[in-house]
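Please look through the sequence and the model displayed below before reading on.

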Amino acid sequence: MKRIIIENLEKEFSIGFLKKQSSFQWLLSFFSGREPKKVIKVLDNISLKVNSGEIVGIIGSNGSGKSTLLRIIAGIYDYKKGNVTVNGKIISIINLGIGLKERLTMKENIFLVGSLFGMSQEEIKSKLNSIVEFSGLKEFVNTKIYQFSAGMLQRLAFSISVHSNPEILLLDEVFEVGDEDFREKSAERIKELVRAGATVVLVSHDLQMVEKHCNEIIWMEQGKIRESGKTKEVLGSYKNDRL
């Protein structure tokens, strides 16, 4: 089954920039609050297909368009041109802390974020013990999370995410989180989802992790797909290009 189909996708950002101006032009810009703008194309004619039961990595240097592509798939960004089709429930873990409210307890946050991820209150109740157990934070279930460390917040958010029945899981620099034991557990949980037919698309600079977990890789450069295919071949090309 094709979980994600993207055809001829283009995305542009309009950004402010400094340019040489006359004094009069500068005054006009200052008092109007309008600064000079230029348009940057961040994705250029992107086409790809991702099947169910795959873990696909997106690699490339900073500014190559990786995270923008992920955010378009997630529905966070719109786009100028092309078609994006997704078949399945998307859970995007682009910021592990998103949705968590520091003045609520861990239990209250599970119900809040679980509902944001599309679970009913009854479903959350049925999975509450499993989420808490998976996180390894049972003794803090009634603690307000402003007292949590960054690692504890990561474990909580990740635990809720992987219990939310994702059919498409989007990860931006997030795959193995927490300490070593939790990283192994989180990686195994993702693989269980994939074996059940879910699709994972992840953005990462960690080439060892990508090589370890991904079936295929998309290498992006300057808003375009430079190469895509099996992990070993694409990683080989990517590493050789940097010698």
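The paragraphs below discuss a helix, charged pairs, aromatic rings and a surface patch in turn.

The structure is a predicted model. The buried residues of α2 are K66, T68, L69, L70, R71, I72 and I73. After the helix comes G75, which has a positive phi near 85 degrees.

Side chains of opposite charge can pair when their charged atoms come close. R71 forms a salt bridge with D172, and the closest N and O atoms are 3.0 Å apart. Because R71 belongs to helix α2 and D172 to strand β6, this pair ties together parts that are 101 residues apart in sequence. Both partners, R71 and D172, are buried.

In the whole structure, a search finds 16 salt bridges. Among them is the one between the side chains of E10 and K41, at 3.5 Å from N to O. E10 is in strand β1 (residues 2-16) and K41 is in strand β2 (residues 37-51), so the bridge ties together parts 31 residues apart in sequence. E10 has a relative accessible area of 11% and is therefore buried, whereas K41, at 36% relative accessibility, counts as partly exposed. A network of salt bridges links E10, K41, D44 and K224.

A further salt bridge joins E192 and R189, with the closest N and O atoms 3.4 Å apart. Both residues lie in helix α6, three residues apart, which is about one turn of the helix. An α-helix has 3.6 residues a turn, so residues three or four places apart point the same way. E192 counts as partly exposed at 37% relative accessibility, and R189 counts as partly exposed at 21%.

Five aromatic pairs are found in the whole structure. One of these is the edge-to-face pair of F134 and F182, with 5.5 Å centre to centre and 75 degrees between the planes. The pair links distant parts of the chain, since F134 is in helix α4 (residues 121-135) and F182 in helix α6, 48 residues apart. F134 is buried at 11% relative accessibility, and F182 is buried at 3%. Ring pairs also link F134, F158 and F182 into a cluster.

Finally, on the surface, D179, E180, D181 and E184 gather in a patch of negative charge. D179 is located in the loop between β6 (168-172) and α6 (180-195), and its relative accessibility of 41% makes D179 partly exposed.

Definitions and conventions:
Residues are numbered from 1 along each chain as its sequence is written. This is a predicted model: local features need pLDDT of at least 70, side-chain atom pairs count only at pLDDT 80 or more; totals for chains, interfaces and linings use all residues. Side-chain values use heavy atoms; hydrogens and water are left out. Patches are made of residues with over 30% relative accessible area and no salt bridge: like charges are joined within 9 Å, nonpolar side chains (Val, Leu, Ile, Met, Phe, Trp, Tyr) within 5 Å. Accessible areas come from the Shrake-Rupley method with a 1.4 Å probe; for residues, only the protein chains shown count as cover. A salt bridge is a side-chain nitrogen of Lys or Arg within 4 Å of a carboxyl oxygen of Asp or Glu. Lys and Arg count as positive and Asp and Glu as negative; His and the chain ends are not counted. The place of a charge is taken as NZ of Lys, CZ of Arg, CG of Asp or CD of Glu. Helices (H or I, at least four residues) and strands (E, at least two) are DSSP runs, numbered from the N terminus. Buried means under 20% relative accessible area, exposed over 50%, partly exposed in between (1.4 Å probe, protein chains only). Rings of Phe, Tyr and Trp (its six-membered ring) pair if their centres lie within 6.5 Å; planes under 30 degrees apart count as stacked, over 60 as edge-to-face and the rest as tilted.
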